[in-house]
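Here's a quick briefing to read alongside the coordinates. Keep the viewer open and click along as you go.

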Amino acid sequence: MTGVEVALAGLRRTFGTVHALDGLDLTLAPGELVALLGPSGCGKTTALRVLAGLEDADAGTVTVGGKDLTRVSANKRNMGMVFQAYSLFPHLTAVENVAFGLRLRKISGAERTKRANEALELVGLTAQSGRYPHEMSGGQQQRVALARALAIRPAVLLLDEPLSALDAKVRVQLRDEIRRIQLEVGTTTLFVTHDQEEALAVADRVGVMRAGNLEQIGPPEEVYSRPATAFVAEFVGLSNRLPGVVAAGGTVEVLGQQLPLAQSDATTPGAEVTAYVRPEAVEVAVDSTSEATVASSAFLGSSSRVTVTMPGGELITAQVPSSQVSQLAPGTAVRVTFARTPVAVS
Amino acid sequence: MNRRRKQSLFRWVVLVVLGVFFLLPLYAMLEFTTRGADGRTAEVWKTLVDWGQIQEDYPDLSTGIIYSLEQAALTAVLMLVLLVPTMVWVRLRLPWLRRPMEFLCLLPLTIPAIVLVVGLAPVYAWVTYLISGSSLWLTFAYVILVLPFAYRALDAGLAAIDVKTLSEAARSLGAGWGTVLWRVVLPNIRSAVLSAAFLSVALVLGEFTIASLLNRENLQVAINLLGKSSATISVAVSLVSLVLAFVLLFALSFVGGRRRSKEVS
């Protein structure tokens, strides 16, 4: 199956005085998985619900595969959806849940069972096909929900924070599985999440939303390493906020070092700005002549996070391999340098 | 251990006292209906199980029974048709209407039947004048009467499932509103629907005030009438209708209990 193009154009939606969508434009290429990322209330779920037809837009259009679906009701849009809350029908078994959409499409008994079982096989739950939702774990329920959404061979797959009710380990597993299945079936997919790691891990492109509009959209690497705005830099990944001065040639001087600027449309040279430096771009080395000292460190498994107090009083967080952290006890004098990765400024 | 024994003793005492309180009058009724000129007789009960005999000897009673059963069935159906879609729709689309609707549905509980009759009398006078004086028209008054109980039962059922997510899931799979209601919501609130229906039936079978004051016929009116001419048969019928109500309520707690045990597993 090949995916279709999905286009949201100029979508507006207001709840009372809140602009949940403020002229949102978003196009998904056929077969692409786009993750919408943002803090709660940024409009990402509203965007997905407008695309699903569960919410009406005040203005704008929804086009899927060249057809205008703006005024088409949700049950006629042929979209598969997985919800944040457990949404399996409690009175039906796993396979009956998956077959529900097929039944509504008047697909005959044998064909229906075959396709429902195929969908369950895709999510690896063939053995659980006769179980009721309350007999399954949260992860299994979400898998069945995914199978149910895919069984109808939808034009678009919509995932509304499908992993947020699950515990950490299952979440990572299912996240990878969703990506595998999505690549296998090739359905154009919109994935809404507030978890940046999730978004960066599964998406072809990540869109960061703020106040009802896209702040930046691009491949995960680009959004992470070259954030277009300070908001993106702060929301995606951790950042140190450090004072800097814009220098000539697209660089910024931060604590005496020249670093390349992430934004091309940067401010004029000489301007005082806040630079956002990633912890993994900060290198810490023991140096008894330095005035900077280690304030604290936190063990995170393979890496550790070390906070350093600079001579000027600024706190800088660095991510270092855990093998080095034994030399960096609190109070140790260290020298801080930055890797020459692009930084965002505001 | 000692405390537990005390508690269980207390429980038994309560059970026995309440049992005597409820069962003694029933026993007295049974005793009364089996009194004969010389010793015990099952004459009354023989009549009661013979429908042909009842129709022949007590025509008022037989019409009363038929009207009451029809009223009970119609009330339960009309109440469900009216309430279930409305409550689901309010939950999904008009959540701000929930409080006013709850207030409205519970209102009949606070209005004495006699006051209702004062209001209903002119309405039913017009119904009689324009359409007919059939006792089945009482169904509409009874739907209002059972609203508080039915609303509570259905509300509990709807609160136990995530109506919004389930219906959105069904709609995204291609279901229209009718299918959502019939194939997704109803099967999952089945026990709530059953309890609402049972409560309505029990209430209608026991209704006297409105029917009597509006000069309509039903079981209780017939029993009251019969009490003036044939005391034993009227007491026997009362006993049957009481036991029937008990059975309905037992069935109701059975339905509720089964649902709970299913949820736990």
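What follows is a short tour by topic, from confidence and overall make-up to single residues.

This is a predicted model, so treat everything below as a reading of computed coordinates. For chain A the mean pLDDT is 91, with 99% of its residues at 70 or more. Chains A and B touch each other, with 19 residues from chain A and 16 residues from chain B in the contact.

**Chain A overall**

- Chain A has eight helices and 20 strands.
- Along the principal axes, its C-alpha atoms fill a box of roughly 80 × 45 × 35 Å.
- Of the 346 residues in chain A, 42% are buried.
- If you take the contacts in chain A between residues at least 6 apart in sequence, 66% of them join residues at least 24 apart.
- Which elements of chain A have the lowest and the highest mean pLDDT? Strand 20 of chain A (residues 344-345) is the lowest at 83, and strand 8 of chain A (residues 188-193) is the highest at 96.

- Look for an open sheet of four strands in chain A, ordered 2-1-4-5 with antiparallel pairing.
- Its edges are strand 2 (18-28) and strand 5 (67-68) of chain A, each of which pairs on one side only.
- Strand 1 (residues 6-15) and strand 4 (residues 59-64) of chain A share five bridges in the antiparallel sense.
- If you want a bridge to click on, A:Leu8 has A:Val62 in strand 4 of chain A as its partner.
- Helix 1 of chain A lies across strand 1, strand 2 and strand 4 of chain A, and runs at about 115° to strand 1 of chain A.
- How many residues of helix 1 (residues 44-52) of chain A are buried? Nine of its nine residues are, which leaves the helix mostly covered.
- Just past helix 1 of chain A comes A:Gly53, with a positive phi of about 90°.

**Loop residues worth a click (chain A)**

- A:Glu161 is not a glycine, yet its phi is positive, near 45°.
- You'll find A:Glu161 in the loop between strand 7 (156-160) and helix 5 (168-185) of chain A.
- Why does A:Glu161 count as partly exposed? Because it has 19 C-beta neighbours inside 10 Å, and a residue needs 20 or more to be called buried.
- A:Ala211 also isn't a glycine, and its phi is positive at about 50°.
- With 16 other C-beta atoms within 10 Å, A:Ala211 is partly exposed.
- A:Leu238 belongs to the loop between helix 8 (230-235) and strand 11 (240-247) of chain A.
- A:Leu238 is partly exposed because it has 15 other C-beta atoms within 10 Å, and that falls between the limits of 12 or fewer for exposed and 20 or more for buried.
- Leaving out residues up to four places away in sequence, A:Leu238 touches A:Pro279 and A:Thr317.
- A:Pro219 is 19 residues from A:Leu238 in sequence, and their C-alpha atoms are 18 Å apart.

**Chain B and its annotations**

- An unreviewed UniProt entry gives residues 65-252 of chain B the annotation "domain: ABC transmembrane type-1".
- In the model, residues 65-252 of chain B are 84% helix and 0% strand, with the end C-alpha atoms 22 Å apart.
- The unreviewed UniProt entry also marks "transmembrane region" features on chain B, including residues 12-30, 72-92 and 192-213.
- Residues 72-92 of chain B are 100% helix and 0% strand, and the end C-alpha atoms lie 30 Å apart.
- For residues 192-213 of chain B, the figures are 86% helix, 0% strand and 32 Å between the end C-alpha atoms.

**Where chain B meets chain A**

- The contact draws 16 residues from chain B and 19 residues from chain A.
- On the chain B side, helix 8 (163-172) and helix 9 (177-188) of chain B each supply at least two residues.
- Helix 8 of chain B gives the most to that side, with six residues.
- By type, the chain B side splits into seven nonpolar, six polar and three charged residues.

Note on methods
Residues are numbered from 1 along each chain as its sequence is written. Chains are lettered from A and ligands numbered from 1 in the order in which they are written. This is a predicted model: local features need pLDDT of at least 70, side-chain atom pairs count only at pLDDT 80 or more; totals for chains, interfaces and linings use all residues. Two residues are in contact if their C-beta atoms, placed from the backbone, lie within 7 Å. Ala, Val, Leu, Ile, Met, Phe, Trp, Tyr, Cys and Pro count as nonpolar, Asp, Glu, Lys and Arg as charged, and the others, Gly among them, as polar. UniProt positions are given in the numbering used here, feature names are shortened, and annotations may be inferred rather than shown by experiment. pLDDT is the predictor's confidence in each residue, from 0 to 100. Two strands pair if DSSP finds at least two bridges between them. Axes are lines fitted to C-alpha atoms, for helices over the stretch in contact, and angles run from 0 to 180 degrees between N-to-C directions.
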